[in-house]
Amino acid sequence: MNRKIAILSDIHGNFNALKAVISDAEKHGVHEYWLLGDILLPGPGSKDLLELLYQLPITVKIKGNWDDCFLEVLDVSNIDDATDIYLARLSQYLCETLSKDDIEFLRNMPTRVKNTINGVNFSLTHNQIEKKQVLLSLFYHHQSTLSHKYNLHCNILAEPLQFLDIDTD
């Protein structure tokens with residue numbers, strides 16, 4: 001039996017793109033989703049985008065640097081830097097549509113998660129890499145296969161849909 005995991009990252013508020021990726025994931029028979037940060041900013045998607053994500057079987061979620069920026073702006077009382085002003089304006093738009101529960105959903109996401117599937121260890125982060133962390137670097141590869149005991153196919157960044165297809169037999 002194969003276990004397919006769709007990896008969602010760098011959505012950046014693009015609701016239409018997220019809908020297309022989810023549709024593609026469903027066609028590929030994805031069983032679960034890993035949400036790896038940068039969900040809302042700087043794009044226009046907000047409450048509608050989060051409601052779509054809430055419907056998915058998300059088993060791993062971490063926040064990205066844009067998620068952190070949004071939360072930091074909410075907690076700052078004095079904004080005088082040009083970048084902070086830009087982020088504050090974008091965040092103001094989000095705050096008009098997001099509920100307190102939506103904001104807590106973002107706040108409660110960790111910045112890094114470790115997960116093990118069938119003896120394969122994953123250390124997941126959006127942008128905070130530890131020096132001694134062993135990384136599966138797939139940014140320049142269309143497809144990579146790890147094969148000892150399990151068959152693990154990772155399609156990352158080269159395709160619209162990013163997924164892990166893990167053979168659990």
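This is a predicted model: local features need pLDDT of at least 70, side-chain atom pairs count only at pLDDT 80 or more; totals for chains, interfaces and linings use all residues.
Residues are numbered from 1 along each chain as its sequence is written. Local features need pLDDT of at least 70 and side-chain atom pairs count only at pLDDT 80 or more, whereas totals for chains, interfaces and linings use all residues; side-chain values use heavy atoms, with hydrogens and water left out.

The secondary structure comprises 5 helices and 8 strands, assigned as DSSP runs (H or I of at least four residues for helices, E of at least two for strands) and numbered from the N terminus. From that terminus the elements follow the order β-α-β-α-β-α-α-α-β-β-β-β-β. Of the 169 residues, 42% are buried (under 20% relative accessible area, with exposed meaning over 50% and partly exposed in between; 1.4 Å probe, protein chains only). Among contacts (heavy atoms within 4.5 Å) between residues at least 6 apart in sequence, 71% join residues at least 24 apart.

Asp38 is located in the loop between strand S2 (32-36) and helix H2 (47-54). This residue is buried yet has no salt bridge (a side-chain nitrogen of Lys or Arg within 4 Å of a carboxyl oxygen of Asp or Glu). Lys63, the nearest side chain of opposite charge, is 11 Å away; Lys and Arg count as positive and Asp and Glu as negative, while His and the chain ends are not counted. Residues up to four places away in sequence aside, Asp38 touches Asp10, Ile11, His12, Gly64, Asn65, Trp66, Asp67 and His126.

Asp84, by comparison, belongs to helix H4 (residues 82-97) and is partly exposed, with a relative accessible area of 30%.
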